[in-house]
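Please look over the sequence and the structure before reading on.

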Amino acid sequence: MSFTGLGGMLFLPVLALFIDGFRQKYLIAAAYFIYFASGLAYLTSPADPRLFALPRMLQGAMITVTMISIVAALSHTLPPDERSRGLALFGVLGQFGAMAGVSLAELLLDTRGFSSMLLFTSAALIAAGLSALLFPEQRPSAAEKPPGLRDFAKLIRQRNLRGLLFLSLLLGAGFGTMLSFLPDMALERQVGVVKPYYIAYPAMVIAVRLIASHWFRRIPLVPLIGFPMLMMPVALIIVSGLSSAAGLVAAGLSYGIAHGVLFPVLQAELINRAEEGFRARMALVFQFLFNAGIFLAANLGGLLADRSLRSTFILMAAITASGIPVFMVQRLLRLREQSE
């Protein structure tokens with residue numbers, strides 16, 4: 001796991017202590033401003049370049065804060081039956097922002113140098129922080145008892161949450177496998193750059209969310225989650241037999257379907273099962289499991305990667321495919337309990 005990801009993971013336990021006790025817009029604004037300030041470290045020349053790991057870890061922590069707090073703020077604005085669609089459409093803005101940001105930042109870096117690129121990103125972060133303060137958010141109720149460690153332990157004991165929590169972990173594992181090992185596979189198979197995947201993947205995510213997100217509340221949960229869950233091991237299997245750029249496109253489209261649906265739907269389903277004063281922490285639990293899945297993929301897959309990248313993708317395909325029967329069995333048990 002990178003220093004950015006490590007910073008996010010280490011900050012999650014601290015964030016869990018207070019995140020539901022504040023207006024989320026203040027946490028979002030503070031995170032953007034701290035991210036901006038930490039970026040100024042890149043203008044320095046430390047004696048040991050490894051010291052740059054510190055601002056990277058801080059930035060990872062702030063990325064985590066913004067992702068969780070934005071979802072929590074939206075959860076108090078969107079009605080339960082519109083949360084999956086609302087989170088999906090909001091995520092489209094992130095996809096567009098990432099694509100535009102990378103393109104503009106790369107252009108500035110190539111034409112005007114690093115300082116101009118840093119100025120552009122700093123201005124964007126400051127604008128984002130100021131915009132967050134304009135969000136019309138109510139103060140959390142002071143009468144509610146702050147959640148404790150026992151409240152987190154209750155999540156594991158709730159049968160209706162176990163399947164969703166497990167799928168959140170697997171979603172991170174699939175994402176982490178692609179992130180960690182796809183470039184190496186493209187090089188090993190001599191298919192050229194990995195760029196076709198990173199065009200097809202976000203394009204499919206955007207298309208799915210813009211075209212089909214209004215169906216999220218109309219389709220029963222099992223088929224809604226089951227089909228995109230199947231697409232994740234399919235994408236990994238495609239990469240395991242990679243032989244051309246067309247395979248990168250096919251893998252990107254398959255994984256785009258999985259991520260485009262599962263990321264907002266799983267968050268919405270978990271938040272819908274949380275009490276009002278626990279919604280931000282539920283978003284935090286999802287993010288923790290997603291990050292844990294990335295960590296699992298990077299380390300478990302890494303054990304095989306030196307011997308065979310193909311084996312790494314096949315193994316992770318089998319692991320991610322396990323979510324389908326586990327979720328279906330969990331749903332059947334719940335339906336049986338309701339009928340009794």
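A crossing of two helices is called left-handed if the near helix is turned anticlockwise from the far one by less than a right angle, and right-handed if it is turned clockwise. The model discussed here is predicted.

**Two helix pairs**

Two packed helices are described by the angle between their axes and the distance between the axes. The table gives these values for two pairs.

| Helix pair | Axes come within | Crossing angle |
|---|---|---|
| H4 (residues 83-112) and H10 | 8 Å | roughly 140° |
| H7 (residues 159-188) and H8 (residues 195-212) | 12 Å | roughly 160° |

The axes of H4 and H10 cross at roughly 140°, which makes H4 oblique to H10. The crossing of H4 and H10 is right-handed. On the H4 side, the contact is made by Arg-83, Ser-84, Leu-87 and Ala-88. H10 contributes Pro-264, Val-265, Gln-267, Ala-268, Ile-271 and Asn-272. By class, the residues in the contact of H4 with H10 are six nonpolar, three polar and one charged.

For the other pair, the axes cross at roughly 160°. Angles over 145 degrees count as roughly antiparallel, and H7 and H8 are therefore roughly antiparallel to each other. H7 passes H8 in a left-handed crossing. Phe-175, Met-178, Leu-179 and Leu-182 of H7 meet Tyr-197, Tyr-198 and Tyr-201 of H8. The contact of H7 with H8 has seven nonpolar residues, and no polar or charged ones.

**The nonpolar core**

How many residues does the largest nonpolar core have? It has 84 residues, and those with the most contacts inside it are Leu-171, Met-178, Tyr-197, Ile-225, Leu-266 and Met-282. Helix H10 (residues 245-272) supplies the largest share of this core, 13 residues. Leaving aside neighbours within four places in sequence, Met-282 is in contact with Leu-155, Leu-161, Leu-270, Ile-271 and Ala-274.

Is Ser-240 buried or exposed? Residues under 20% relative accessible area count as buried, so Ser-240, at 4% relative accessibility, is buried. Ser-240 lies in helix H9 (residues 221-240). Not counting residues up to four places away in sequence, Ser-240 touches Met-185, Arg-189, Arg-310, Phe-313 and Ile-314.

Gln-95 lies in helix H4. Gln-95 also counts as buried, because its relative accessibility is 16%. With neighbours within four places in sequence left aside, Gln-95 is in contact with Pro-202, Val-205 and Ile-206.

Key. Residues are numbered from 1 along each chain as its sequence is written. This is a predicted model: local features need pLDDT of at least 70, side-chain atom pairs count only at pLDDT 80 or more; totals for chains, interfaces and linings use all residues. Side-chain values use heavy atoms; hydrogens and water are left out. A nonpolar core is a set of buried Ala, Val, Leu, Ile, Met, Phe, Trp, Tyr and Cys residues joined through side-chain atoms within 4.5 Å. Buried means under 20% relative accessible area, exposed over 50%, partly exposed in between (1.4 Å probe, protein chains only). Helices (H or I, at least four residues) and strands (E, at least two) are DSSP runs, numbered from the N terminus. Contact means heavy atoms within 4.5 Å. Axes are lines fitted to C-alpha atoms, for helices over the stretch in contact, and angles run from 0 to 180 degrees between N-to-C directions. Angles under 35 degrees count as roughly parallel, over 145 as roughly antiparallel, 65 to 115 as roughly perpendicular and the rest as oblique. Ala, Val, Leu, Ile, Met, Phe, Trp, Tyr, Cys and Pro count as nonpolar, Asp, Glu, Lys and Arg as charged, and the others, Gly among them, as polar.
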